[in-house]
Amino acid sequence: MSAEPQPLYLVDGTNFVFRAYYTPMPPLTTAAGLPTKAVYGFTGMLLRLLRERRPRLIAIVFDAEGRSFRDDLYADYKANRRATPEDLAPQWPYVFKVVEALGLPMLSEPGVEADDVIATLTRRARSRGMRVVVVSSDKDLMQLVGDDVALYDTMKEKTYGPAEVREKLGVGPELVSDYLALVGDTSDNIKGVPGVGPKTAADLLAEFGSLDALLAGLDSVKRPKLRETLFANLEVVRLARKLTGLRDDLALPVEPEALEPRPLDRAACESLFRELGFSRFLAELGAAQPVVRAGYRTILTEAELDEVVAAARVAGELAFDTETTSLDAVRASLVGISLAWGDGEACYVPVGHQYLGAPKQLALATVLERLRPLLEDPELPKVAQNHKYDWVVLRQHGIDVRGVRCDPMIASYLLDPSRQSHGLDALAKEHLGHAM
């Protein structure tokens, strides 16, 4: 049997940038003072997608500058949003430079939004029998989901099919726009029907089958107050339906099957990443010297530690270990913390080494405060060998570690209780062929 054709990946680039910008991690800047947090997170998410999915067809889609048709329909559309933050504005040109250097097709269309471009390409792809993966966390795009279209949220590692959309919103993809028209969308300043929340909206659509059927049969709504409110907000709902619906009829100058990435421009990538100070991505491209564990390093400055925290956020997972002065977790003093967040990407942060010639190290309090958001985030999956010990050690220092999803020591015991050792030395030797 022949392999199933790869899907078309449509990345909501605008969504990527804003998620990266608002991700809780320290601000990043170049030596020249250029803010880089958003472009760093965007680049990391994009490289991770390319590395893990290896798409044959892909497009990165952005909102175009200027007004869209929704602004013409409703003067207060997105009026609740703040102006572009001062430290984000100078990062946008670099976002586009990253996409260009990676050789990825990039699209935007005047007068509409990225969602409409994605909707149009999705419709065209489906008409050709192609599968589509929309890469975004935007619930508006859930209305595109179907048996051959999935919505993939990279930061939550969550894929939405029709069943997952129904579980999240209470309605299927075909009713998402109707649902949003009733409840409104605060992120876009779209008013819904006062007093109609998610459950009421889902119940109404389940009973009537669609928003059109509901509006045509308002006399049949059983609750008098709800019926009166719906009658009073007919125009609000009709406008909201136009604003939340996606256009899929754009005259785009490109067809889905033409969205093949070009070979990345290595020289452009290396020059760009050096300018931005993205040493991690340089190593990922192979720009660093190709030696074993080239990505491992000792962290001695706050700037280096901030980059590690940002990298872990982008990677979406973290392994950690503590180095201490005692096997007694309650009495032990912290000497250092080891962190890893991807293949060949790890560091050691010394905080208590005292020997002749020892380098100047970061203060323990500084390190813990920088790492606290990562270690206490229950949504960031973590791996820790014999994690109960590390949990107690860090608890003594005011850190409440949450989100540990795997302890290799426990996993080893569950797989083979009879083996002599479940320690890290034995596991590294057996599974990695590495003598510690």
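The buried residues of α4 are Trp 92, Tyr 94, Val 95, Val 98, Val 99 and Ala 101. Buried here means under 20% relative accessible area, with exposed over 50% and partly exposed in between (1.4 Å probe, protein chains only). Helices (H or I, at least four residues) and strands (E, at least two) are DSSP runs, numbered from the N terminus. This is a predicted model: local features need pLDDT of at least 70, side-chain atom pairs count only at pLDDT 80 or more, and totals for chains, interfaces and linings use all residues. Residues are numbered from 1 along each chain as its sequence is written, and side-chain values use heavy atoms, with hydrogens and water left out.

Stay with α4 for a moment. Its buried residues pack against α1, α2 (37–53), β2, β3 and α12 (266–276). Contact means heavy atoms within 4.5 Å. Just after α4, Gly 103 takes a positive phi of about 75°.

Now step back to the whole protein. There are 18 helices and 12 strands. The C-alpha trace spans about 80 × 55 × 50 Å along its principal axes. Of the 436 residues, 49% are buried. Take the contacts between residues at least 6 apart in sequence: 66% of them join residues at least 24 apart.

Next comes the sheet. Strands of a sheet pair through backbone hydrogen bonds, either parallel or antiparallel. Two strands count as paired if DSSP finds at least two bridges between them. Six strands form an open sheet in the order β3-β2-β1-β4-β5-β6, and the pairing is mixed. β3 and β6 (158–160) are the edge strands, each pairing on one side only.

Look at β1 within this sheet. Five of the five residues of β1 are buried, so β1 is largely enclosed by the rest of the structure. Leu 8, Leu 10 and Asp 12 point one way from the strand, Tyr 9 and Val 11 the other way, and all are buried. β1 pairs with β2 in the parallel sense over five bridges. In that pairing, Leu 10 has Ala 59 of β2 as its bridge partner. β1 also pairs with β4 in the parallel sense, over four bridges. There, the bridge partner of Leu 8 is Val 132 in β4.

Move on to β5 and β6. These two strands pair in the antiparallel sense over three bridges. Leu 151 stands opposite Tyr 160 in β6. Helix α1 packs on the sheet and touches β1 (8–12), β2 (57–61), β4 (132–135) and β5. The direction of α1 makes about 50° with that of β1. Axes are lines fitted to C-alpha atoms, for helices over the stretch in contact, and angles run from 0 to 180 degrees between N-to-C directions.

Which element gives the largest share of the lining of the second largest pocket? α1 does, with five residues. A pocket is an open set of points on a 1 Å grid over the protein atoms alone, with protein on both sides within 12 Å along at least five of seven lines; a cavity is a set of points where a 1.4 Å probe fits but cannot get out. Lining residues have an atom within 4 Å of a point. About 1,500 Å³ of space lies in the second largest pocket. A volume is the space filled by probe spheres set on the points, which are joined across faces, edges and corners.

The lining of this pocket holds 50 residues, with Thr 14, Phe 18, Asp 63, Lys 78 and Arg 81 nearest the centre. Among the elements giving two or more residues to this lining are α1 (13–22), α3 (69–73), α4 (92–101) and α11 (234–244). By class, the lining has 19 nonpolar, 12 polar and 19 charged residues. Ala, Val, Leu, Ile, Met, Phe, Trp, Tyr, Cys and Pro count as nonpolar, Asp, Glu, Lys and Arg as charged, and the others, Gly among them, as polar.

Finally, the cavities. The whole structure has two of 30 Å³ or more. The largest cavity contains about 60 Å³ of space. α2 gives the most to its lining, with five residues. That lining includes Met 45, Arg 48, Tyr 152 and Val 314. The second largest cavity contains about 40 Å³. Its lining includes Ala 20, Met 45, Arg 313 and Val 314. Here α2 and α14 (302–315) each supply at least two residues.
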